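Here are my notes for you, written as numbered points. Keep the model open beside you and look up each residue as you read.

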Amino acid sequence: MTGTLYLRDAFGWHSEYTAKVAFAQLAEIGDEFIDSRDCPQKQFIEEGSSHHGLWNSIKILGYVPGMNVITGIFILKYCGNRDPAPSRSHDKQLWMLRGVAMIFTGPLLIVIDLIKFIYDCRIASKYRQEYPERVGQFDPTHPHTTPFWPGHPVECEDS
């Protein structure tokens with residue numbers, strides 16, 4: 001049994017490598033986030049274009065002395081209005097913890113993120129070895145349109 005990865009996790013960094021495993025795990029449990037009628041590769045491209053860089057950028061801003069306070073306050077304010085992910089009920093509390101930790105520790109939070117990222121990569125590696133076909137369904141097998149801006153809809157192109 002491998003651990004579970006989550007999209008938009010409060011700690012660690014997001015990468016395409018770990019996101020594909022998180023998508024595969026969501027599809028496995030039948031989460032409504034993954035629409036079985038839609039192209040799984042299209043869904044992955046749309047999610048990646050709108051969120052991987054955004055969440056990593058917010059975390060990186062928190063490492064900069066001075067910016068860590070502003071970013072931490074932004075996270076606390078944003079988390080108060082955010083609905084938790086359906087697959088993870090305590091997601092909101094983890095982001096609020098991140099905001100407080102960002103305000104008080106700033107650049108030191110990079111150590112926690114690095115440890116969490118390494119841990120997530122180990123989970124992803126083990127899951128990929130056990131279930132390569134589940135993760136492989138998110139590898140593009142046909143062309144898709146390019147998103148013009150983060151979150152822009154992506155469509156499957158005819159070959």
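1. Contacts between residues 24 or more positions apart make up 67% of the protein's contacts with a separation of 6 or more; a contact means heavy atoms within 4.5 Å. Please remember that this is a predicted model, in which local features need pLDDT of at least 70 and side-chain atom pairs count only at pLDDT 80 or more, while totals for chains, interfaces and linings use all residues. Residues are numbered from 1 along each chain as its sequence is written, and side-chain values use heavy atoms, with hydrogens and water left out.

2. Now for the overall plan. The protein has six helices and zero strands, giving the pattern α-α-α-α-α-α along the sequence. Helices (H or I, at least four residues) and strands (E, at least two) are DSSP runs, numbered from the N terminus. Of its 159 residues, 40% count as buried. Here buried means under 20% relative accessible area, exposed over 50%, and partly exposed in between (1.4 Å probe, protein chains only).

3. Which residues touch the most other members of the largest nonpolar core? They are Leu5, Leu7 and Val21, in a core of 14 residues. Helix H1 (16-29) and helix H5 (109-130) each supply at least two residues of this core, and H1 gives the largest share, six residues. A nonpolar core is a set of buried Ala, Val, Leu, Ile, Met, Phe, Trp, Tyr and Cys residues joined through side-chain atoms within 4.5 Å. Leaving aside neighbours within four places in sequence, leucine 5 is in contact with residues including Val21, Ala22, Ile123 and Ala124. A second, separate core has 13 residues, among them Trp13, Ile58, Cys79 and Ala101.

4. A salt bridge is a side-chain nitrogen of Lys or Arg within 4 Å of a carboxyl oxygen of Asp or Glu. Because they are four residues apart in helix H1, glutamate 16 and lysine 20 are separated by about one helical turn.

5. How many salt bridges does the structure hold? There are five. One of them joins lysine 116 and aspartate 9 at 2.8 Å, N to O. This pair links distant parts of the chain, with lysine 116 in helix H5 and aspartate 9 in the segment before H1, 107 residues apart. Lysine 116 is partly exposed at 22% relative accessibility, while aspartate 9 is buried at 5%.

6. Another salt bridge pairs glutamate 28 with arginine 134, whose closest N and O atoms are 3.0 Å apart. Glutamate 28 lies in helix H1 and arginine 134 in helix H6 (residues 132-136), so the pair ties together parts that are 106 residues apart in sequence. Salt bridges that share partners also join Asp9, Lys116 and Asp120 into one network.

7. Not counting residues up to four places away in sequence, arginine 98 touches Ala10, Phe11, Lys59, Tyr63, Ile75, Leu109 and Asp113.

8. Finally, have a look at glycine 62, in the loop between H2 and H3. Glycine 62 is buried at 1% relative accessibility. Leaving aside neighbours within four places in sequence, glycine 62 is in contact with Asn68, Thr71, Met102, Gly106 and Pro107.
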